[in-house]
Amino acid sequence: MGIDEVLLIGVVAVIAIVAVHSIAPRVGVAAPLLLVSLGVAVSFIPGFPEIEIESEFILLGIIPPLLYSAAVNLPSTEFRRDFRAISSLSVVLVLLSAVLMGLFFMTVIPGIGFALGAALGAVVSPTDAVAVQIIRKMGVSPRIVTVLEAESMFNDATALVTMRTAVAAAGASMGLAEATWDFASAVVIAVLVGLVTGELNVRLRRWVPGAANSTAISFVAPFAAAVPAELLGASGLVAAVVAGLVTGYRAPLYLRPADRISERANWRTAELLLEGVVFLLLGLELLTLVDDVEETHGSVWKAVGLGLAALALVLLIRIAYVAPLVLAAGRRALRVRARHERVEGLGQEAESHPDPAHREAVARRVEQHSAYADYLENRPLGWREGGVLVWAGMRGAITVAAAQSLPSDTPLRSTMVLIAFVVAVGSLMAQGATLPWVTQRLGIAGESVHDERERAELRDLLAGVADTVLAEIALRGDDGRLYDASVVDAVRRAMAHARAEDEETVHHGEHFYRLRLAIIEAQRARLLEARAVGTFGSEALGDALRILDAEQISLQLRSDHPDGDD
């Protein structure tokens with residue numbers, strides 16, 4: 001295939017991805033599901049070439065930046081609060097599923113053995129983040145969204161490390177202790193690499209001038225974490241996720257507002273294209289897999305049946321695991337609420353303490369505990385939320401990519417890859433298509449994702465900050481109707497405020513700019529303190545921080561060009 005053909009395919013793929021994302025909201029179907037369907041349909045076109053992508057291209061070229069970007073934007077407050085549930089789902093459930101599915105595959109596939117069965121079990125165990133895109137638009141609780149998103153990031157890495165350990169055990173006499181050590185060391189090394197890379201990432205970008213330069217460094221950050229981890233025998237995906245978490249948490253402290261805004265815009269574009277490529281490839285590889293299985297083993301339908309049975313079994317395992325997890329979350333909420341009264345009592349006692357530092361520390365602890373108790377009460381994890389956690393646990397591209405990374409000399413490799421493909425596509429189609437209906441039936445669709453109470457409190461907290469500049473507005477809307485008079489008056493007041501601020505910038509010059517900047521920096525510091533305590537939800541806090549970034553950039557532009565000169 002020549003370079004011109006490759007470029008043509010790339011152009012067509014980008015156009016298809018953009019078209020599908022434009023059409024998806026109108027037809028009410030998630031874009032990843034449409035992309036998989038499109039890929040499958042195109043693969044059946046007569047004369048269309050067989051598509052077979054090296055698994056390493058997906059595992060090291062596409063998945064790390066996707067996980068890194070998701071980790072950067074993961075709500076840190078909710079992640080800390082539900083870390084127990086997230087780690088349980090992304091580590092313990094994956095290991096349990098790998099063992100149970102290994103026993104199943106050992107029973108139904110002659111000659112596969114437990115080690116290879118566990119490897120295949122690990123392949124079909126991790127969930128995909130596509131569910132997050134679906135339920136976020138439906139207004140499901142941010143707590144559920146965060147748990148699913150964080151689980152899908154970490155369980156990919158857990159599954160790959162488990163699969164590699166199981167394959168190594170199948171080819172050599174590796175005992176349980178040695179396999180456990182191999183797994184633990186791979187995770188620990190990856191975490192350390194990710195921590196170092198994430199910290200270096202934000203510190204280097206703080207020193208480099210220019211938003212474009214900063215964003216360019218962010219594009220290589222996931223690979224700077226993943227590649228060294230892989231060379232050290234660890235998980236590159238874990239390293240990329242940890243680097244993203246560190247970057248997301250430290251970015252407000254180190255990066256400039258223009259850097260953060262530029263990074264968000266550019267990474268959204270990268271996510272759109274990378275995710276689209278993954279799901280298109282998932283559908284395009286269907287015929288290649290089918291032909292390979294027919295040539296090697298002669299029975300495609302048996303592999304399809306085993307894939308459907310495996311999908312049903314992993315869902316049953318997930319149900320059995322999530323049920324006690326939900327019960328434990330409910331009991332923990334009751335314990336926290338009961339303990340809160342004692343914590344408040346300690347706070348009242350500390351008010352008379354002579355040491356101001358002690359009073360401040362106790363008051364901070366009371367505030368943190370109160371925020372945590374309110375979070376558990378206002379965002380419960382009950383049986384309805386548990387139902388969404390179960391049904392939203394869809395398998396996706398990482399399952400197929402992990403299966404394709406099996407060594408070429410693995411016995412029954414083509415059958416194993418096809419089983420993984422059936423599990424992934426069957427899960428995306430069956431669960432993805434019905435997830436909106438399930439959430440509506442459970443009565444949790446349409447919940448407000450934005451807590452207006454928190455936003456009102458944040459507006460009070462940020463009182464005194466200049467209103468966002470309105471650029472230009474016409475008297476008529478898109479439909480030709482007149483705007484309400486109150487809206488026009490509000491726009492005029494905002495524009496007058498913007499003109500007044502321009503005049504103040506020209507008249508007072510550097511002093512005006514420095515004072516306004518000091519106010520914004522103080523407000524940002526206060527928001528970061530609130531983030532550390534957990535007083536507000538991550539979404540409301542993130543919006544407030546983004547508003548401050550926009551205002552600081554606007555102020556900078558006014559200061560650089562007070563007379564409107566270019």
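A nonpolar core is a set of buried Ala, Val, Leu, Ile, Met, Phe, Trp, Tyr and Cys residues joined through side-chain atoms within 4.5 Å; buried means under 20% relative accessible area, exposed over 50%, and partly exposed in between (1.4 Å probe, protein chains only). The model is predicted: local features need pLDDT of at least 70 and side-chain atom pairs count only at pLDDT 80 or more, whereas totals for chains, interfaces and linings use all residues. Residues are numbered from 1 along each chain as its sequence is written, and side-chain values use heavy atoms, with hydrogens and water left out.

Figure 1. The chain has 23 helices and zero strands; helices (H or I, at least four residues) and strands (E, at least two) are DSSP runs, numbered from the N terminus. Of the 566 residues in the chain, 48% are buried. The accessible surface comes to about 27100 Å², and carbon and sulfur atoms contribute 63% of this surface (Shrake-Rupley method, 1.4 Å probe; for residues, only the protein chains shown count as cover). Among contacts (heavy atoms within 4.5 Å) with a separation of 6 or more, 82% join residues 24 or more positions apart. The largest nonpolar core contains 114 residues, and F105 and M163 have the most contacts inside it. Apart from this core lies another, of twelve residues, including L528, A544, L545 and L548.

**Figure 2. Surroundings of F105.** Residues up to four places away in sequence are not counted here; F105 then touches I112, G117, L120, G121, V124, A310 and I419.

**Figure 3. Packing of helices α1 and α13.** Helix α1 (residues 3-27) packs against helix α13 (residues 257-284) at an angle of about 100°, and their axes are 10 Å apart. Axes are lines fitted to C-alpha atoms, for helices over the stretch in contact, and angles run from 0 to 180 degrees between N-to-C directions. The two helices, α1 and α13, are therefore roughly perpendicular to each other (65 to 115 degrees; under 35 counts as roughly parallel, over 145 as roughly antiparallel and the rest as oblique). From α1, the residues A13, V14, I17 and H21 meet L272, L273, G276, V277 and L280 of α13. This contact comprises seven nonpolar, two polar and no charged residues; Ala, Val, Leu, Ile, Met, Phe, Trp, Tyr, Cys and Pro count as nonpolar, Asp, Glu, Lys and Arg as charged, and the others, Gly among them, as polar.

**Figure 4. Packing of helices α18 and α19.** Helix α18 (residues 397-404) and helix α19 (residues 413-441) cross at roughly 175°, with axes that come within 8 Å. Hence α18 and α19 are roughly antiparallel to each other. T399, V400, A403 and Q404 of α18 form the contact with R413, V417, A420, F421 and A424 of α19. Six of these residues are nonpolar, two are polar and one is charged.

Figure 5. L60 is found in helix α3 (residues 55-61) and is partly exposed, with a relative accessible area of 27%. Not counting residues up to four places away in sequence, L60 touches F223, A226 and E230. E199 lies in helix α10 (residues 176-207). Leaving aside neighbours within four places in sequence, E199 is in contact with V246, R250 and Y254. E199 and V246 are 47 residues apart in sequence and 6.6 Å apart in space, C-alpha to C-alpha.
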